[in-house]
Amino acid sequence: MGEATPAVLVLGIGNLLWADEGFGVRAVEILHQHYSFSDNVKVMDGGTQGVYLVQHIRDADILIVFDAVDYGLAPGTLKLVTGDEVPKFLGAKKISLHQTGFQEVLAMAEMLGDYPKHLLLIGVQPLELEDYGGSLRPAVKAQIAPAIDAALTFLEKHGVFAEMRSDQLGEDDTIASLEMTLGRYEGGRPDAVDAYRHGDSRVLIGDGWSGPDDFDAEVAEMVSRTGEPR
């Protein structure tokens with residue numbers, strides 16, 4: 001009997017609203033726009049779905065993840081990580097307390113007894129994450145094409161081949177939501193005068209305000225207090 005056809009998941013994760021944090025999502029959008037695959041390959045915008053991605057991970061024999069990753073390297077650097085090394089690198093930033101880190105998603109899949117046999121992380125070092133509503137910086141956007149090439153090479157090593165579309169899909173036909181397609185997202189953004197990028201001093205508590213030194217520790221302390229008698 002021949003080897004079974006592998007189930008492949010090509011996944012982009014990240015938050016489009018935080019500049020370079022959207023790298024993974026944009027990468028899978030452009031991959032889908034230019035290439036088609038056989039039915040055993042799923043190309044997916046995972047956004048910030050977190051735990052809701054677990055079943056998709058469990059179903060995959062081969063998993064490729066595009067993401068913005070804090071490797072501690074120069075901004076715009078592309079780095080590939082494979083196998084057991086992947087979980088410790090995933091996730092440059094948690095956007096909120098409600099967003100489950102992808103490390104935890106992989107751990108859940110493993111705990112449930114289904115883990116990809118082959119795993120590749122294609123990460124780019126972000127330049128800017130604090131620009132709310134911003135798009136990819138040029139150095140990060142320039143790594144989308146090399147990142148896609150790396151994914152296709154990895155798949156070919158495992159006998160999975162993409163076919164370049166004779167006519168690339170238009171933005172309205174890609175896996176992106178219509179409101180968040182790259183052209184609309186970049187073209188429809190107000191300028192910095194109308195939409196300040198980094199917070200508004202009118203709603204902050206003066207120049208002397210700063211956030212906690214250790215946010216996670218402060219949250220843990222607040223949670224521990226909930227059980228104290230009043």
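Two strands count as paired here if DSSP finds at least two bridges between them. With that in hand, welcome to this predicted model, whose chain comes to eight helices and seven strands. Five of the strands form an open sheet of mixed pairing, in the order β3-β1-β4-β6-β5. The edge strands, each pairing on one side only, are β3 (41-47) and β5 (78-82). From one strand to the next, the twist averages 15°.

**Strand β1 and its partners**

- Let's begin with β1 (8-13): six of its six residues are buried, so the strand is largely enclosed by the rest of the structure.
- Val8, Val10 and Gly12 point one way from β1, while Leu9, Leu11 and Ile13 point the other way; all are buried.
- β1 pairs with β3 in the parallel sense, over six bridges, and here valine 8 stands opposite valine 41 of β3.
- β1 also runs parallel to β4, with five bridges joining the two; in this pairing glycine 12 stands opposite phenylalanine 66 of β4.

**Strands β4 and β6**

- Seven bridges link β4 (residues 62-68) and β6 (residues 118-124), which pair in the parallel sense.
- Across this pairing, isoleucine 62 stands opposite histidine 118 in β6.

**Helices on the sheet**

- Helix α1 (residues 23-34) packs on the sheet, where it touches β1, β3, β4 and β6; the helix direction makes about 135° with that of β1.
- Helix α6 (residues 144-157) packs on the sheet too, touching β1, β4, β5 and β6, and its direction makes about 165° with that of β4.
- From first C-alpha to last, the twelve residues of α1 reach 17 Å, close to the 16 Å expected at 1.5 Å a residue.
- Ten of the twelve residues of α1 are buried, so this helix is largely enclosed by the rest of the structure.
- Among the buried residues of α1 are Phe23, Val25, Val28 and Leu31, and also Arg26, Glu29, His32 and Gln33.

**The aromatic pair**

- A search of the whole structure finds one aromatic pair. Tryptophan 18 and tyrosine 132 form this edge-to-face pair, at 5.2 Å centre to centre and with 65° between the planes.
- Tryptophan 18 lies in the loop between β1 and α1, and tyrosine 132 in the loop between β6 and α5, so the pair ties together parts that are 114 residues apart in sequence.
- Tyrosine 132 counts as partly exposed because its relative accessibility is 47%, which falls between the cut-offs of 20% for buried and 50% for exposed.

- Leucine 127 has its place in the loop between β6 and α5 (138-141).
- Its C-alpha atom is separated by 6.9 Å from that of arginine 137, ten residues apart from leucine 127 along the chain.
- Leaving aside neighbours within four places in sequence, leucine 127 is in contact with Asp20, Pro75, Arg137 and Val140.

**The chain as a whole**

- Of the 230 residues in the chain, 38% are buried.
- Among contacts between residues at least 6 apart in sequence, 80% join residues at least 24 apart.
- The chain's accessible surface comes to about 13200 Å², and 52% of that belongs to carbon and sulfur atoms.

Key: Residues numbered from 1 in each chain as written. Predicted model: local features only at pLDDT ≥ 70, side-chain atom pairs only at ≥ 80, totals over all residues. Heavy atoms only, no water. Helix = DSSP H or I, 4+ residues; strand = E, 2+ residues; numbered from the N terminus. Axes fitted to C-alpha atoms, helices over the stretch in contact; angles between N-to-C directions. Contact = heavy atoms within 4.5 Å. Expected span 1.5 Å × (residues − 1). Buried < 20%, exposed > 50% of the residue type's maximum accessible area, 1.4 Å probe, protein only. Areas by Shrake-Rupley, 256 points an atom, 1.4 Å probe, with all protein chains shown as cover. Phe/Tyr/Trp six-rings, centres within 6.5 Å; stacked < 30°, edge-to-face > 60°.
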